[in-house]
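Subject: Structure for you to look at

Hello,

Here is the structure I promised to pass on. Please open it and keep it beside this email while you read.

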Amino acid sequence: MNDLFPPAPISAVPVADSNARFPVHRIYCVGRNYAEHAREMGADPDREPPFFFCKPADAAVPVSTGQTLKLPYPSQTENFHHEIELVVAIGKGGSDIAVEHALDHVCGYAVGLDMTRRDLQTTMRKAGLSWEVSKAFDRSAPIAPLHLVESCGHPANAGIWLQVNGKDRQRSDIDQLIWSVPETIAHLSRFFELQPGDLIFTGTPAGVGAVVRGDLIEGGIDGLGTLRVEIV
Ligand code: MN
């Protein structure tokens, strides 16, 4: 049997200070995982279990250190939002992973952006419809190089920040996650069999907001580098 056409190239995230790359299998995202952000989205952070959504693997766009990614303003939105997030890279798969073993499945961490068509998200949510078009669109997941656990450990507290045109928009600490990385992995692995190559965007702190063409987004997490994106 022959393929009807050549298979699409696989998305991959470069590993920092290395020739290696992390081939992406799936992208999972956690919604509303910082209390202040849950409040700004009109939710009660104390009473809601974690929830998940997905982006296609090819939504990941690697952004090299020192590079400025030119990200086209997407169609079908007039309220295009940034969400800076800690991204967890899964190196060992599994189902029903126990919290106490969850970090054994992590091979690295990165800085990522969960770009969002906020107007569509709000409209779809109010109508009780799927958010897919607001989250899972092309190039919606820019991601900086992956830092392997051997070099960065398992960060439990680190500053996370994002600026637009040099002005602070988001600034928090990953110790403010409602559901920690091990808890998130344990919970997610009850719904999906995790595989090497899976990325988990762990949620964004408060301060999400709109960007327009010409804006320069810079964001980072202490110890995991930074990323720079220009909206074009
Ligand atoms: Mn998000």
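A contact here means heavy atoms within 4.5 Å. On that basis, 75% of the contacts in the protein with a separation of 6 or more join residues 24 or more positions apart.

Some ground rules. This is a predicted model, where local features need pLDDT of at least 70, side-chain atom pairs count only at pLDDT 80 or more, and totals for chains, interfaces and linings use all residues. Residues are numbered from 1 along each chain as its sequence is written, and side-chain values use heavy atoms, with hydrogens and water left out.

Overall build

The protein has five helices and 18 strands. Both are DSSP runs numbered from the N terminus: helices are H or I with at least four residues, strands are E with at least two. The C-alpha trace spans about 45 × 40 × 40 Å along its principal axes. Of the 232 residues, 50% are buried. Buried means under 20% relative accessible area, exposed means over 50%, and partly exposed lies in between (1.4 Å probe, protein chains only).

Charges

There are 20 positive and 29 negative side chains. Lys and Arg count as positive, Asp and Glu as negative; His and the chain ends are not counted. The centres of the two sets lie 6 Å apart. Each charge is placed at NZ of Lys, CZ of Arg, CG of Asp or CD of Glu.

Cysteines

Seen from Cys-54, the closest cysteine sulfur is that of Cys-29. Their surroundings are worth checking too. Cys-29 is buried, because its relative accessibility is 0%. Cys-54 is partly exposed, at 33%.

Is His-154 buried or partly exposed? It is partly exposed, with a relative accessible area of 33%. Leaving aside neighbours within four places in sequence, His-154 is in contact with Leu-103, Val-106, Tyr-109 and Val-149. Take Leu-103: it is 51 residues from His-154 along the chain, yet their C-alpha atoms are separated by 7.7 Å.

Best wishes

Notes
A disulfide is a pair of cysteine sulfur atoms within 2.5 Å.
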